[in-house]
Amino acid sequence: MDVLPSILLFSVLIISFRVPKSCSAADTISFNETFTDGQTLVSSGQSFELGFFSPSGSSSNRYLGIWYKSFPDTPVWVANRESPVSHSYGVLTVSADGNLVLLNNTIPSRVIWSSNSSRTVLNSVAQLLDTGNLVLKDSSNMNPDSYIWQSFDFPTDTLLPGMKLGWNLTSGLNLYLTSWKTTSDPSRGDYTYGIEISGLPQGVIRRGSVKTFRSGIWNGLRFSDIKGRGSGCIMWFGDLMDIRELVEPGSKQDMYIRMPASELASETDKEEIELPMHDLATVTTATSNFSSSNMIGKGGFGSVYKGKLLTGQEIAVKKLSRTSGQGLKEFKNEIILISRLQHRNLVGLLGCCLDGEESMLVYEYMPNKSLDYFIFVDGKFSEKSDVFSFGVILLEIAWLLWNEDKAIELMDSCLEDSYVESQVQTCIQVGLLCVQKLPKDRPGMSSVVFMLGNEGMALPEPQQPGFFIERSSIEMDNFEKCNASNAETMTMPEAR
């Protein structure tokens, strides 16, 4: 009993496709053929269908559209979205100049929509492809690159596989999606989605001219808004407007923020101090209640005390003076700086102590009074000693690299394409000659200018530089007197 209705329906469909002057094939329309409301084109693989439809809630307005054959209630492309056809008077045909034309077949008839191609082709044919792309082509040329017109160049609100967004540099078209105005009105709505090509490309949703969403920049393989333990980079300038929470499983990610150095400088005081914290009682006990006999130096920012922890480790405690003028910001800066510096002549930072108004740094104690003595102990020169010590470190590194024939490693790798190696070698060699221990081994300024201006000339080989600051015998006597209470002495080699 169910067979007869199916046969009758099949017969009706056959009759409807055999109406005179209607389309002669299931997926094409040729010149002088008409496609009327009630007919459909179906792609060769039965994936997509083209025909007339009325949106939900609109009984009289008719639109020419494409939809998945399995989902006829969801159009993916609309031709005449701004100009509906009244009732069922719509007729699609291929005109004499080769364009697709949609007519409102009333008296007189008028053009509702056209492919509006500037190319004139006498034997053009329209075909619905199995990708959902409606193409207009020369019937004698099947090359996809020679299409006269295609719906993929004029997307509406749906991005189909194979469809492209962004600027087509060949056609000059900017391809983007535009929402429907309402569920019953397919005309252009407020929202658009396209590719922004200023800077690095990224997908952007706008409401009018206001950005509401970004996909993240295109990194050559994918957009950088990667989910599921992926990685990527997003750049923004100005306010963030599209922060969103990822709630699906496996979406948790770490986020690293990179800021300009100028901005980072203002954030320094907000950095967390990741150092062992020593309580005040421990430090007080280690230094015998900051006994004067334990003081090993005094400077502009406070005093330095020798101490011993309960573990037996000897320490040097730099206690910030309340009247030094050094605030919490400077204190944290010193912690950050010292914790990042690593050199065999720099003492290690073991921790800190913050208790009320008391601020202290706890260092390794080095009894041989090497370079650390000048950095943290020498009271007379403490306000400038950090600069001196940094210069000494650079000088020592330069000398060691020179002896190993690796002086060029002083140059930052980021400058490798912008310098001449021979000129850098000359500058380093002249610099080492200028800091020789004995004055007679140092060139005069006229000789320095001559050396730098005559590339290729033979230069003397530098000897080990003098590392120590120049002092008079009176300064030496005063220095030793102020440290006489420490039961230790220090000999100061003198450079000239």
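**Helices, sheets and cysteines in a predicted model**

Let's start where two helices touch: Thr426, Cys427, Val430, Leu433 and Cys434 in H7 meet Val448, Met451 and Leu452 in H8, where contact means heavy atoms within 4.5 Å. Before going on, please note that this is a predicted model, in which local features need pLDDT of at least 70 and side-chain atom pairs count only at pLDDT 80 or more, while totals for chains, interfaces and linings use all residues. Residues are numbered from 1 along each chain as its sequence is written, and side-chain values use heavy atoms, with hydrogens and water left out.

Helix H7 covers residues 421-434 and helix H8 residues 445-453; helices (H or I, at least four residues) and strands (E, at least two) are DSSP runs, numbered from the N terminus. The two helices pack at an angle of about 165 degrees, and their axes lie 10 Å apart. Here axes are lines fitted to C-alpha atoms, for helices over the stretch in contact, and angles run from 0 to 180 degrees between N-to-C directions. That angle makes H7 roughly antiparallel to H8, a label given to angles over 145 degrees, with those under 35 counted as roughly parallel, 65 to 115 as roughly perpendicular and the rest as oblique. The crossing of H7 and H8 is right-handed, meaning that the near helix is turned clockwise from the far one by less than a right angle.

Cys434, one of the H7 residues in that contact, is partly exposed, with a relative accessible area of 31%. Cys353, on the other hand, is buried at 0%. For these words, buried is under 20% relative accessible area, exposed is over 50%, and partly exposed is in between (1.4 Å probe, protein chains only). How many disulfides does the whole structure hold? A search finds zero, taking a disulfide as a pair of cysteine sulfur atoms within 2.5 Å. For Cys353, the closest cysteine sulfur is in Cys352, 7.6 Å away, which is too far for a bond.

Now to the strands. Strands of a sheet pair through backbone hydrogen bonds, either parallel or antiparallel. In this model, two strands pair if DSSP finds at least two bridges between them. Three bridges join E1 to strand E11 (residues 124-128), and Ser30 stands opposite Val125 in E11.

Another open sheet of four strands runs in the order E16-E17-E18-E19, again with antiparallel pairing. Its edge strands, E16 (177-182) and E19 (210-217), each pair on one side only. Neighbouring strands of this sheet are turned by 25 degrees against each other on average, direction ignored. Strand E18 (residues 202-207) pairs with E19 over five bridges, and Arg206 has Lys211 in E19 as its bridge partner.

Finally, look at strand E9 (residues 100-104): four of its five residues are buried, so the strand is largely enclosed by the rest of the structure. Five bridges join E9 antiparallel to strand E8 (residues 90-94), and four join E9 antiparallel to strand E10 (residues 110-114). Asn104 is the bridge partner of Gly90 and also stands opposite Arg110 in E10. The hairpin of E8 and E9 has five residues between the strands, and there Gly98 takes a positive phi near 95 degrees. E9 and E10 form a hairpin too, with five residues between them.
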